[in-house]
Amino acid sequence: MNRLVGKRVLITGASAGIGEACARAFATQGCDLVLTARREERIRDLAVDLAHDNGVDVRGYGLDVTDRQAVASFVRALKEDDLLPDILVNNAGKARGLDKLHEGDIDDWEDMIDTNVKGLLYMSRDILPYMVARDSGHVINIGSIAGRWVYPKGAVYNATKFAVWALNEGMNIDLLGTKVRVSSVDPGLVETEFSEVRFHGDTERAKAVYLDTEPLTGDDVADAVVYVANCPEHVDVINLVVMPTAQRHAMLLHREKSSP
Ligand code: 8X3
């Protein structure tokens, strides 16, 4: 049963990867979309394509979720234009670097903490009061298995995703007694621009992450997000972990050629 037709979904970081896949999936379900990304031209082009292909209303905006004032004025404008979402997908996030903590680049840390933690907080803080006032709405946070298991050289990225885990739980606790739901979808290895961004554009190193194994695609994660969003209002999927069959733990990945 499709409970999503006509709902408006706001997705951050929607110009590529999991965010773009979610945009495509929700458009296919008949949802209207508000898409944001730092890459303004790309998000506007995607909005035009999705609106054309699916007959839904799609708006694309350039927005950096780490800019607190920009997020606040963006949400104010949504309110004025009657474009507040029924569903918020806090997707914007990234890993930067893979280093031992005592050798890490502090600029990488700032980037991850600002985007993965503060960006999610800014957007949630500004959108949630409207959901609470309507006593309806759904926040879906894109977490990670990196928020369940710490792995070598990942400590700061892990810490940001553990924070997402905690914020997801905290929002649920604070919203007890309302009909506003909060869920996290926590993927394992997904082949997107993620590794290229983590390795600062080193495409060879990024490709090696996915070598001889079968990672998730953005579409696999989007399927899970749509499932979570489509549950009846009395059902709140608090956390949904989605892993490739070839991966059973952050530290256990089967590669066809190199694994026993
Ligand atoms: C992405 C999952 O294990 O590559 O968040 O960090 S992992």
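Which residue in β3 is the bridge partner of Leu35? The partner is Gly60. This is a predicted model, in which local features need pLDDT of at least 70, side-chain atom pairs count only at pLDDT 80 or more, and totals for chains, interfaces and linings use all residues. Residues are numbered from 1 along each chain as its sequence is written, and side-chain values use heavy atoms, with hydrogens and water left out.

- Helices (H or I, at least four residues) and strands (E, at least two) are DSSP runs, numbered from the N terminus.
- Buried means under 20% relative accessible area, exposed means over 50%, and partly exposed lies in between (1.4 Å probe, protein chains only).
- One side of β2 holds Asp32, Val34 and Thr36, the other holds Leu33, Leu35 and Ala37, and all are buried.
- Two strands pair if DSSP finds at least two bridges between them.
- β2 pairs with β1 (residues 8–11) in the parallel sense over 4 bridges. Here Val9 has Leu33 as its bridge partner.
- β2 also pairs with β3 (residues 58–62), again parallel, over 5 bridges.

**Two β-α-β units**

- β1, helix α1 (residues 17–28) and β2 form a right-handed β-α-β unit.
- β2, helix α2 (residues 40–54) and β3 form a right-handed β-α-β unit.
- Right-handed means this: with the strands pointing away from the viewer, the path from the first strand over the helix to the second runs clockwise.

**Positive phi values**

- Most residues other than glycine have a negative phi.
- Lys153 is not a glycine, yet its phi is positive, about 70°. Lys153 sits in the loop between β5 (137–142) and α5 (155–174), and is partly exposed at 43% relative accessible area.
- His200 also has a positive phi, near 50°. His200 sits in the loop between α6 (194–198) and α7 (203–209), and is partly exposed at 48%.

**Around the ligand**

- The ligand is surrounded by Ser144, Ile145, Ala146, Tyr151, Tyr157, Gly188 and Phe194, each with a heavy atom within 4 Å of it.
- A polar side-chain atom of Ser144 lies 2.6 Å from a ligand oxygen atom.
- For Tyr151, a side-chain N or O atom is 2.5 Å from a ligand oxygen atom.
- For Tyr157, the corresponding distance is 2.6 Å.
- Taken alone, the ligand exposes 250 Å², and the protein buries 87% of that (Shrake-Rupley method, 1.4 Å probe).

Notes: Polar contact = N/O pair within 3.5 Å; in protein donor to acceptor, adjacent residues only side chain to side chain.
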